Amino acid sequence: MVSNLFVAVPHGFCAGVSRAVRIVEDTLKEYGAPIYVRHEIVHNKHVVNEFQKRGVIFIEDFDEITDTTRPVILSAHGTEQCVLQKGNERGLKLIDATCPLVKKVHRQIQKLETVGANIIVIGKNTHPEIIGTIGQIDNHGQITIINSEQEAEGITLPDDKLVGVVTQTTLSVDKVQKIISILQRKFPALITANKNDICYATTHRQAAITELTKRCEALIIIGSKNSSNSKQLQQTAVHNGINKAWLIDDVSELPADELRGIENLGISAGASAPEYLVDNLIAKLKEDFANLKIHDIIVAEENIEFKS
Ligand code: SF4
């Protein structure tokens with residue numbers, strides 16, 4: 001029976017997601033429905049479903065647009081230059097909701113291209129953020145995408161060229177640090193903008209999970225299965241020895257039977273999960289466990305806001 005509920009602070013929406021959601025809200029207000037959004041605006045089932053109900057049409061390709069007079073919002077994950085060009089050539093009204101921290105990575109990869117460096121990209125090659133990032137430069141022959149320490153060890157590149165690295169913003173902080181250390185050993189002059197490009201929100205949310213794992217036998221993370229930062233929270237818990245770490249979309253997926261033997265439970269939410277989902281989960285847990293004590297575990301205060 002759960003007696004203590006430890007709540008990760010911060011959790012939930014980051015500044016980039018808040019900005020992207022606000023851009024969709026503002027566009028709906030200004031233009032009315034329908035409007036288009038290329039790709040899920042952020043990777044969360046509830047956010048996407050709510051917007052669909054209000055007349056937002058999610059597309060993967062501009063060819064799906066039937067009314068080219070309507071605005072088209074580009075998702076927070078970033079968009080390839082060739083896609084922007086295609087949209088502009090078709091005269092679409094494009095509104096870019098790319099997170100400014102993803103844009104920063106775009107500028108880094110462009111700079112690396114300008115100096116003629118071989119570019120190592122750390123991330124998942126099918127994730128839209130990585131597709132958007134490599135889509136900022138023309139010469140894809142310069143790019144090697146890796147996502148593990150083994151792949152970092154296996155890279156061979158010519159000695160006579162500069163080597164630079166950029167990172168997906170939502171990866172595991174620990175894993176990326178290990179990969180970068182390997183790359184720095186192999187390529188001592190490795191060009192990195194910072195230690196890595198993992199954003200403040202990912203870093204804080206993973207640090208909060210680590211604190212929870214010192215106090216809890218099990219963890220629940222609210223987030224969708226296609227959300228990279230949410231999945232990393234679950235994996236951070238597992239890496240810290242918590243085998244019972246569930247990633248759920250909402251309270252309807254609460255693993256109620258599994259909670260019977262748990263005394264100390266932790267909860268968090270990915271950067272794309274709305275706060276009301278966390279509130280609903282806490283309300284249900286309070287209902288199920290009458291003497292539940294709630295403790296906030298605060299690892300950082302976040303005051304960052306990105307203007308639309
Ligand atoms: S997780 Fe980080 S990079 Fe992604 S939208 Fe949020 S602040 Fe931006």
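1. A definition to begin with: two strands pair if DSSP finds at least two bridges between them. Helices (H or I, at least four residues) and strands (E, at least two) are DSSP runs, numbered from the N terminus. What you have is a predicted model, where local features need pLDDT of at least 70 and side-chain atom pairs count only at pLDDT 80 or more, while totals for chains, interfaces and linings use all residues. Residue numbers start from 1 along each chain as its sequence is written.

2. Strand 1 (residues 4-9) and strand 13 (residues 293-298) run parallel and are joined by 6 bridges, with V7 partnered by D296 in strand 13. Strand 1 also pairs with strand 12 (residues 264-269), again in the parallel sense, over 4 bridges. There, F6 stands opposite G266 of strand 12. As background, side chains in a regular strand alternate between the two faces of the sheet.

3. Now the overall picture. The chain has 10 helices and 13 strands. Its radius of gyration (over C-alpha atoms) is 21 Å, close to the 19 Å that the globule rule (2.2 Å times the number of residues to the power 0.38) gives for 308 residues, so the chain is as compact as a globular protein of that length. The C-alpha trace spans about 65 × 55 × 30 Å along its principal axes.

4. How much of the chain is buried? Buried residues come to 40% of the 308, where buried means that 20 or more other C-beta atoms, placed from the backbone, lie within 10 Å of the residue's own, exposed means 12 or fewer, and partly exposed is in between. Taking contacts (C-beta atoms, placed from the backbone, within 7 Å) between residues at least 6 apart in sequence, 77% join residues at least 24 apart.

5. Strand 4 (residues 71-74) and strand 5 (residues 93-96) run parallel, with 4 bridges between them. L74 has D96 of strand 5 as its bridge partner.

6. Helix 4 deserves a look. Its buried residues are L101, V102, V105, H106, Q108, I109 and L112. They lie on the same side of helix 4 because they cover an arc of only 160 degrees around the axis, the arc being that of the directions from the helix axis to the C-beta atoms. Exposed R107 and T114 sit on the face turned away from that buried side. The buried residues pack against helix 1 (15-31), strand 6 (118-122), helix 5 (128-134), strand 8 (163-167) and strand 9 (191-192). Just after helix 4 comes G116, with a positive phi of about 75 degrees.

7. Buried residues here include L233, T236 and A237. Among the elements covering the buried residues of helix 9 are helix 8 (200-213) and strand 12. G241, which follows helix 9, has a positive phi near 90 degrees.

8. Finally, K175 belongs to helix 7 (residues 173-186) and is partly exposed, with 18 other C-beta atoms within 10 Å. K175 and T236 are 61 residues apart in sequence, yet 10.0 Å apart in space, C-alpha to C-alpha.

Methods:
Two residues are in contact if their C-beta atoms, placed from the backbone, lie within 7 Å.
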